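Subject: Structure handover

Hello,

Here is the structure for you to look over. My notes on what was found in it follow below.

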Amino acid sequence: MSETLIKKFKCFWSWELEQEQQWLREMASQGWHLKARSFFGVYSFVQGEPADIAYALDYIPGLNMEFASRLEPDIHYQKFYHQLIIDAGWEHVLSSLGWQYWRMPVRNGKVPEIFTDTASKKSKYKRRLLEMCIFNFALFPTAIYPPATLRQWDHSLAAYIIIFGMVIPACLYFSYASIRIYLRMREMQKI
């Protein structure tokens with residue numbers, strides 16, 4: 001028997017984790033359980049029994065577990081990250097671009113959380129913020145002074161497309177996202 005799948009496009013930003021988690025919970029309450037997520041924000045859901053299921057997202061760059069361990073040396077992500085959360089009763093649903101999707105049934109009306117303290121909650125944003133800053137730092141020289149790159153590439157059409165169509169918009173996005181993530185971390189500090 002084949003499973004019934006639906007796909008939905010939804011765009012959430014790095015600083016909107018709570019909204020994404022809530023939407024996934026609402027989908028589960030309608031009987032649609034997350035199965036996959038693409039790079040472009042297309043979520044695949046498999047049909048099942050409606051259930052109250054909490055979702056939790058964490059940002060652990062998949063190819064860069066060693067780097068995350070250096071950021072927080074007291075946590076050995078490589079060996080224990082998944083097992084620690086699985087032992088707490090969470091089911092790992094998927095990994096997508098460093099985002100880890102976890103779920104757990106809501107019991108007695110109490111919504112479970114992976115991270116119970118503010119410092120741990122902020123750490124996922126901290127990892128994401130650092131990555132945004134690294135990308136921005138790499139692109140910033142080209143974005144701030146495009147004539148140098150245009151001269152270097154002989155003012156070719158490809159140079160204009162890359163600089164004005166890709167580098168500058170990416171740099172603006174990374175800057176804006178960094179600010180929003182930083183503000184989200186400050187909000188969490190006040191709670």
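A pocket here is an open set of grid points where a 1.4 Å probe fits, with protein on both sides within 12 Å along at least five of seven lines. A volume is the space filled by probe spheres set on the points. Please keep in mind that this is a predicted model.

Pockets

On that basis the second largest pocket holds about 410 Å³ of space. Its lining has 20 residues, and those nearest the centre are Glu18, Gln21, Glu113, Lys121 and Lys124. Sorted by class, this lining comprises 11 nonpolar, three polar and six charged residues. Helix H1, strand E4 (53-59), helix H4 and helix H6 each contribute at least two residues to the lining of the second largest pocket.

The largest pocket has about 540 Å³ of space. It is lined by 21 residues, with Phe12, Arg37, Phe39, Arg128 and Tyr173 closest to its centre. Here the classes are 15 nonpolar, two polar and four charged residues. At least two lining residues come from each of H1 (17-29), strand E6 (99-105), H4 (118-144) and H6 (157-190). H4 gives the most to this lining, namely three residues.

Overall fold

The protein chain contains six helices and six strands. Their order along the sequence is β-α-β-β-β-α-α-β-β-α-α-α. The chain has 191 residues, and buried ones make up 40% of them. Among contacts with a separation of 6 or more, 61% are between residues 24 or more positions apart.

Helix H4

H4 has a bend of about 40 degrees at Ala138, and Pro141 follows within four residues. Which residues of H4 are buried? They are Ser123, Lys124, Tyr125, Arg127, Arg128, Leu129, Glu131, Met132, Asn136 and Ala143.

Nonpolar cores

The largest nonpolar core has 27 residues, of which Leu24, Leu34, Tyr43, Phe45 and Tyr101 touch the most other members. H1, strand E2 (32-37), strand E3 (42-47), E4, E5, E6, H4 and H6 each supply at least two residues of this core. Another core lies apart from it, with nine residues that include Ile60, Ile85, Trp90 and Phe115.

Leaving out residues up to four places away in sequence, Tyr101 is in contact with Glu20, Leu24, Leu34, Arg37, Tyr43, Ala56, Leu57, Glu91, His92, Val93, Leu94 and Ser96. Leu24, Leu34 and Tyr43 in that list are also named above for touching the most other core members.

Ser96 is in strand E5, residues 91-96. Is Ser96 buried or exposed? It counts as buried because its relative accessibility is 6%, and the cut-off for buried is under 20%. Beyond residues up to four places away in sequence, Ser96 touches Arg37, Ser38 and Tyr101.

Ser29 is in helix H1. With 42% relative accessibility, Ser29 counts as partly exposed, since that class covers values between the 20% and 50% limits. Setting aside neighbours within four places in sequence, Ser29 contacts Pro50 and Ala51.

Regards

Definitions and conventions. Residues are numbered from 1 along each chain as its sequence is written. This is a predicted model: local features need pLDDT of at least 70, side-chain atom pairs count only at pLDDT 80 or more; totals for chains, interfaces and linings use all residues. Side-chain values use heavy atoms; hydrogens and water are left out. On a 1 Å grid over the protein atoms alone, a cavity is a set of points where a 1.4 Å probe fits but cannot get out, and a pocket is an open set with protein on both sides within 12 Å along at least five of seven lines; lining residues have an atom within 4 Å of a point. Ala, Val, Leu, Ile, Met, Phe, Trp, Tyr, Cys and Pro count as nonpolar, Asp, Glu, Lys and Arg as charged, and the others, Gly among them, as polar. Buried means under 20% relative accessible area, exposed over 50%, partly exposed in between (1.4 Å probe, protein chains only). Contact means heavy atoms within 4.5 Å. The bend at a residue is the angle between axes fitted to the seven residues ending there and the seven starting there. A nonpolar core is a set of buried Ala, Val, Leu, Ile, Met, Phe, Trp, Tyr and Cys residues joined through side-chain atoms within 4.5 Å.
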